[in-house]
Amino acid sequence: MPKVLLIVPAYNEKLNIKKTIDDIINNTNYDYIIIDDCSKDGTKEICKENHFNYLSLPINYGLTSGIQLGMKYAYKYDYDIAIQFDGDGQHQAKYLQDLVKEIEENNTDIAIGSRFITKKKPKTTRMIGSMLISSVIKLTTGKTIKDPTSGMRAYNKEVIKRFVTNSSLTPEPDTLVYFIKKKMKIKEVQVEMSKREYGKSYLNPLKSIEYMINMLFSIIFIRAIT
Amino acid sequence: MSITLRIILIICSIIAFLLSIMKIKQAKLKVVNSVIWMVGAILLIFMSLFSNVVEWISSSLGFIAPVNFVFLITIIFLLIEVFTDNIRISELNEKIKNLNHYIALSEHEKRQNNLKNEGE
């Protein structure tokens with residue numbers, strides 16, 4: 001049995017976090033670590049009351065920093081597999097074993113929980129962005145990744161180590177290109193995601209455009225070449 | 001170069017020079033970081049005092065007016081400063097991030113140890 005850690009980043013997820021952790025505890029026997037990114041709504045207090053396993057950051061530093069901290073934790077306690085699992089209730093714990101199985105049985109380095117392997121992408125603005133990133137990845141690496149922006153990803157030990165030693169790596173699509181270029185094996189596994197019930201996503205139109213520009217530049221001019 | 005421009009440049013340089021020294025005394029600027037500003041100020045003063053040298057260089061490089069050459073030098077100087085500052089900010093950002101992580105991890109460890117001690 002591999003040692004599996006679920007990294008659950010949470011920022012102002014007071015209303016979702018308990019449900020997420022209950023889902024994890026009821027449907028899996030994996031360890032988890034909540035990364036409370038200095039929430040202002042009392043997410044930390046909820047973790048404390050319920051005796052959840054959590055790390056509490058004193059300064060708000062964003063999702064990338066949160067995942068990197070989770071990776072440091074996984075490295076410190078010698079986990080074999082680390083999985084990003086959103087704290088906003090969109091991910092479902094029942095699909096996690098499929099990701100673990102993919103890494104265990106097929107020697108995959110990164111397994112992505114993908115929404116669109118068997119299902120078609122809906123034509124919303126967000127999915128147009130996703131398609132654009134997919135095609136740029138296809139152009140630069142020749143690999144098809146149908147759901148590059150999925151936030152549900154499982155990493156094996158080698159990848160965890162790279163995350164700890166290289167702080168430019170992020171939980172974003174451009175890092176996938178980096179790993180493809182480093183000859184790592186990346187596979188997608190079909191999962192379903194639900195809509196968020198409470199709270200707001202951090203992406204607004206302006207931020208989305210900024211995100212897209214950052215991703216495209218990073219993939220084309222940095223990750224694809226170096 | 002016109003005499004007005006030279007006077008303006010000299011006055012600005014002297015102000016920049018004095019400002020650097022004042023900020024060091026107030027401990028708001030490190031000596032290492034102030035050197036570049038003092039060097040820049042001295043360079044500008046020299047360019048104003050020996051304007052015939054500047055005129056000779058700029059005309060042999062094909063500039064229409066010597067003042068363009070002075071501005072170009074200033075812009076290059078500023079761009080280098082901005083870029084190095086950018087790098088410095090990124091480095092600081094990285095250090096704060098690691099410190100942030102370190103605090104979270106050691107606080108977690110402390111909590112775990114307390115739990116263990118309570119259990120015993």
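This is a predicted model: local features need pLDDT of at least 70, side-chain atom pairs count only at pLDDT 80 or more; totals for chains, interfaces and linings use all residues.
Residues are numbered from 1 along each chain as its sequence is written, chains are lettered from A and ligands numbered from 1 in the order in which they are written, and side-chain values use heavy atoms, with hydrogens and water left out.

We start with strand β5 of chain A, residues 110-114. Helices (H or I, at least four residues) and strands (E, at least two) are DSSP runs, numbered from the N terminus. Five of the five residues of β5(A) are buried; buried means under 20% relative accessible area, exposed over 50%, and partly exposed in between, with a 1.4 Å probe and protein chains only. In a regular strand the side chains alternate between the two faces of the sheet. In β5(A), A:Ile110, A:Ile112 and A:Ser114 lie on one side and A:Ala111 and A:Gly113 on the other, and both faces are covered.

Which strands pair with β5(A)? Two strands pair if DSSP finds at least two bridges between them. With strand β6 (residues 153-156) of chain A, β5(A) pairs in the antiparallel sense over three bridges, and A:Ala111 has A:Ala154 as its bridge partner there. With strand β7 (residues 186-190) of chain A, the pairing is parallel and runs over five bridges; here A:Ile110 stands opposite A:Ile186.

Helix α7 of chain A, residues 173-181, is also mostly covered, with eight of its nine residues buried. What covers these buried residues includes β5, β6 and β7 of chain A, together with α5 (125-141), α6 (157-165) and α8 (205-223) of that chain. Contact here means heavy atoms within 4.5 Å. Just after α7(A), A:Lys183 takes a positive phi of about 65°.

One of the buried residues of α7(A) is A:Val177, whose relative accessible area is 0%. Leaving aside neighbours within four places in sequence, A:Val177 is in contact with A:Ile137, A:Thr140, A:Thr141, A:Ile219, A:Arg223 and A:Ala224.

In chain B, B:Ser34 belongs to helix α2, residues 31-49. B:Ser34 is buried too, with a relative accessible area of 0%. A polar atom of the B:Ser34 side chain lies 2.8 Å from the backbone oxygen of B:Val31. Residues up to four places away in sequence not counted, B:Ser34 touches B:Ser20, B:Ile24 and B:Leu29.

The last topic is the interface of the two chains. There, 18 residues of chain A are in contact with 15 residues of chain B. The area buried between them is about 1,500 Å², and carbon and sulfur atoms give 52% of that area; buried area is the accessible area (1.4 Å probe) that two parts lose on being put together, summed over both. The count of salt bridges between the chains is one, where a salt bridge is a side-chain nitrogen of Lys or Arg within 4 Å of a carboxyl oxygen of Asp or Glu. This salt bridge joins B:Glu109 and A:Lys76, with the closest N and O atoms 2.6 Å apart. The elements that give two or more residues to the side of chain A that touches chain B are β3 (54-56) and α3 (63-76) of chain A. The largest share of that side, six residues, comes from α3(A).

How values were computed: A polar contact is a pair of N or O atoms within 3.5 Å; within protein, one must be able to donate a hydrogen and the other to accept it, and residues adjacent in sequence count only if both atoms are side-chain atoms.
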